[in-house]
Amino acid sequence: MGTFTIKRWKCDRCGLVVDGDRPKRPWGESARYSVTVSVDYGTAGGTEIDWKEMCNDCDREVGAAIPALRKKDV
């Protein structure tokens, strides 16, 4: 009896599963984002978001939201 391995990749944000490796970025897109949000254990219990591997659609959505999270000049 033989054995074989099926390699799949999964988006940490939306759960999209694709056969093989992470989807290649579309031409013209260069940024990849990694987002980790942790809250004090005494307040809410640790990590709330841990998105290290995201599909192209999620990467685009998260990237569009980044400017709103940056520190604003006061």
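Arg70 is found in the segment after helix H1, helices being DSSP runs of H or I of at least four residues and strands DSSP runs of E of at least two, both numbered from the N terminus. Arg70 is exposed, with a relative accessible area of 52%; exposed stands for over 50%, buried for under 20% and partly exposed for the range in between, with a 1.4 Å probe and protein chains only. Arg70 and Val37 are 33 residues apart in sequence, and their C-alpha atoms are 14 Å apart in space. The model is a predicted one, in which local features need pLDDT of at least 70 and side-chain atom pairs count only at pLDDT 80 or more, while totals for chains, interfaces and linings use all residues. Residues are numbered from 1 along each chain as its sequence is written, and side-chain values use heavy atoms, with hydrogens and water left out.

H1 has 14 residues and reaches 20 Å from its first C-alpha to its last, close to the 20 Å expected at 1.5 Å a residue, where the expected span is 1.5 Å times one less than the number of residues. Its buried residues are Asn56, Cys58, Asp59, Val62, Gly63 and Ile66. Seen down the axis of H1, these buried residues fall within an arc of 145°, so they line one face of the helix; the arc is taken from the directions between the helix axis and the C-beta atoms. An α-helix has 3.6 residues a turn, so residues three or four places apart point the same way. On the other side of H1, Ala64 and Ala68 are exposed. The cover over the buried residues of H1 includes strand S3 (35-39) and strand S4 (46-51).

Which residues make up the largest nonpolar core? The core has 8 residues in all: Trp9, Cys11, Val35, Met54, Cys55, Cys58, Val62 and Ile66. Such a core is a set of buried Ala, Val, Leu, Ile, Met, Phe, Trp, Tyr and Cys residues joined through side-chain atoms within 4.5 Å. H1 supplies the largest share of this core, 3 residues. In soluble globular proteins, nonpolar side chains tend to be buried together.

Cys55 lies in the loop between S4 and H1 and, at 5% relative accessibility, counts as buried. Leaving aside residues up to four places away in sequence, Cys55 touches Trp9, Cys11, Cys14 and Leu16, contact being heavy atoms within 4.5 Å. The C-alpha atoms of Cys55 and Pro23 are separated by 6.8 Å, although the two residues are 32 residues apart along the chain. Cys11, under that exclusion of residues up to four places away, touches Leu16, Glu53, Met54, Cys55 and Cys58.

Where does its nearest side chain of opposite charge lie? Asp59 is buried yet has no salt bridge, and Arg32, the nearest side chain of opposite charge, is 4.2 Å away. A salt bridge requires a side-chain nitrogen of Lys or Arg within 4 Å of a carboxyl oxygen of Asp or Glu; in assigning charge, Lys and Arg count as positive and Asp and Glu as negative, with His and the chain ends not counted. Beyond residues up to four places away in sequence, Asp59 touches Ala31, Arg32, Tyr33 and Met54.

Elsewhere, charged side chains do pair, and a search of the whole structure finds 6 salt bridges. In one of them, the side chains of Lys7 and Asp21 meet at 2.7 Å, N to O. Lys7 lies in the segment before strand S1 (8-10) and Asp21 in the loop between strand S2 (17-19) and S3, so the pair ties together parts that are 14 residues apart in sequence. Both partners are exposed, Lys7 with a relative accessible area of 54% and Asp21 with one of 51%.

Glu53 forms a salt bridge with Arg22, the closest N and O atoms being 3.3 Å apart. This pair links distant parts of the chain, 31 residues apart: Glu53 is in the loop between S4 and H1, and Arg22 is in the loop between S2 and S3. Glu53 is partly exposed at 31%, as is Arg22 at 24%. In another salt bridge, Lys52 and Asp50 bring their closest N and O atoms to 2.6 Å.
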